[in-house]
Amino acid sequence: MSALDEQRWLDVRRFRALHEAGASVSEIARETGLNWRTVKKYLAAGGGEVVPPVRARPARGQLIDVFAHVVDAWLRAELLLKGTVSHERLVERPATRRRGR
């Protein structure tokens with residue numbers, strides 16, 4: 001989920017009067033170019049004067065992190081190593097760590 005930029009936030013606030021006058025959330029969404037769920041969320045958030053802050057998500061590792069040092073070593077040894085060859089080599093390697101098993 002991405003945060004609204006300041007202009008989009010002002011657009012939603014500008015159409016609050018339309019919503020209060022009876023315009024549907026989907027009509028406002030079409031007018032602003034936003035998803036109806038986003039419009040509904042920001043209209044329901046109240047009349048705040050500033051754009052609501054974005055909650056930071058915790059960083060998570062990637063699946064490749066386990067094999068990154070191996071692939072780096074291969075690329076240092078063979079500068080023009082193709083991705084398909086790296087994939088074949090990784091598939092041939094015994095699994096060192098399996099997620100969810």
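Which residues are buried in helix α5 (residues 68–77)? They are V70, V71 and W74, where buried means under 20% relative accessible area, exposed over 50% and partly exposed in between, with a 1.4 Å probe and protein chains only. This is a predicted model, in which local features need pLDDT of at least 70, side-chain atom pairs count only at pLDDT 80 or more, and totals for chains, interfaces and linings use all residues. Residues are numbered from 1 along each chain as its sequence is written, and side-chain values use heavy atoms, leaving out hydrogens and water.

**Helix α5**
- The buried residues of α5 line one face of the helix, because they fall within an arc of 95° seen down its axis (the arc of the directions from the helix axis to the C-beta atoms).
- H69 and R76 are exposed on the other side of α5.
- Helices (H or I, at least four residues) are DSSP runs, numbered from the N terminus.

**Helix α6**
- The buried residues of α5 pack against α6 (83–92).
- S86 lies in helix α6 and is buried, with a relative accessible area of 10%.
- Not counting residues up to four places away in sequence, S86 touches W74 and L81 (contact means heavy atoms within 4.5 Å).

**Nonpolar core**
- The largest nonpolar core has eight residues: F15, A23, V25, I28, A29, L34, V39 and L43.
- Such a core is a set of buried Ala, Val, Leu, Ile, Met, Phe, Trp, Tyr and Cys residues joined through side-chain atoms within 4.5 Å.
- Two or more residues of this core come from each of α3 (25–32) and α4 (36–44), and α3 gives the largest share, three residues.
- I28 is in contact with F15, H19, A23, V39 and L43, leaving aside its neighbours within four places in sequence.
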